[in-house]
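Let's take a friendly look at some salt bridges, a helix and a surface patch. Please have your viewer ready.

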Amino acid sequence: MDTHLSDDAVAPVPGDYKSDVKPIWCPGCGDYSVLAGITRAMANMGLKREDTVVVSGIGCSSRIPAYTSVYGYHTVHGRSLAVASGVKLARPELNVLIFGGDGDGFSIGGNHFLHACRRNVDMTYIVMDNQVYGMTKGQASPTTEADWCESKLTPEGPGVNPIQPVALALACGANFVARGFSNDPNQVARLIVEGVKHPGFSVIHILSPCVTFRPEQRGWKSTVHPYGREPTDDPNEAMRAVLEDDGFGLGIFLAGNRRPFQPESTATRSIAQIEEGFAV
């Protein structure tokens, strides 16, 4: 099935992929710009809304399915990748994108993240990382610095080293790994387009400031910088570069050549036959 618009169709615009639900993020949240990047990417690729599925877990950024006009699935905490894998394996012709945050993806969902990377199903995971649990009022997350002392639960800091999402994705076998910054929705859109088009499991780590509980993250605007190297298809080379990076380099680290996981299957019933089963 062709998942893109035909040549004679009216070219879509980002607004075509937005729902009527108004986002309720805090004013200034980076996720607004990420949402803009998402809809720009969908319009750029001309995705058919009926052939596109967005899946999320729980958290501020996981509200995104409600704000888009494609099929959406708001799952339970940390289980978005498991659900999305089932969707893609059952319906490989669909475009499957997953959205979540650092807590959802690397804490309760950490085990699913590891195996999604190594399994390499052809789908794209966009993680909005603000290094804090924003929806539950500012607790330290798996990516929070060890000495961040602003949470009442960890007044002396969490005391443990933060997870490095890009390095973790590379170590576990993701086939496409990139980092973006929410203040540049055009760059976010470009990275999403590249991730969706690249075969296999794509991880796009987006630094998305939480202006409510981490107001100092406004300074990221002057801290981020281009990654400075061309993408490589060698995971070892990408890992060496990431370990030398300061965590604020933006761009594509790896565009690998692993074959996506897609077991052969034969449909026992057509979609029309399944729909008949739901007929009143």
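The report below starts with the model itself and then turns to its salt bridges.

This is a predicted model, in which local features need pLDDT of at least 70, side-chain atom pairs count only at pLDDT 80 or more, and totals for chains, interfaces and linings use all residues. Residues are numbered from 1 along each chain as its sequence is written, and side-chain values use heavy atoms, with hydrogens and water left out.

A search of the whole structure finds 5 salt bridges (a side-chain nitrogen of Lys or Arg within 4 Å of a carboxyl oxygen of Asp or Glu). The table shows some of them.

| Pair | Closest N to O |
|---|---|
| Glutamate 93 and arginine 91 | 2.5 Å |
| Aspartate 245 and arginine 179 | 2.9 Å |

Aspartate 245 lies in the loop between helix 8 (235-244) and strand 8 (249-255), and arginine 179 in strand 5 (residues 176-181), so this pair ties together parts 66 residues apart in sequence. Helices (H or I, at least four residues) and strands (E, at least two) are DSSP runs, numbered from the N terminus. Aspartate 245 and arginine 179 are both buried, where buried means under 20% relative accessible area, exposed over 50%, and partly exposed in between (1.4 Å probe, protein chains only).

Arginine 214 is buried at 2% relative accessible area, while glutamate 145 is partly exposed at 29%. A network of salt bridges links Glu145, Arg214 and Glu216.

Helix 6 (residues 165-172) has 6 of its 8 residues buried, including Val166 and Leu170. Just after helix 6, glycine 173 takes a positive phi of about 105°.
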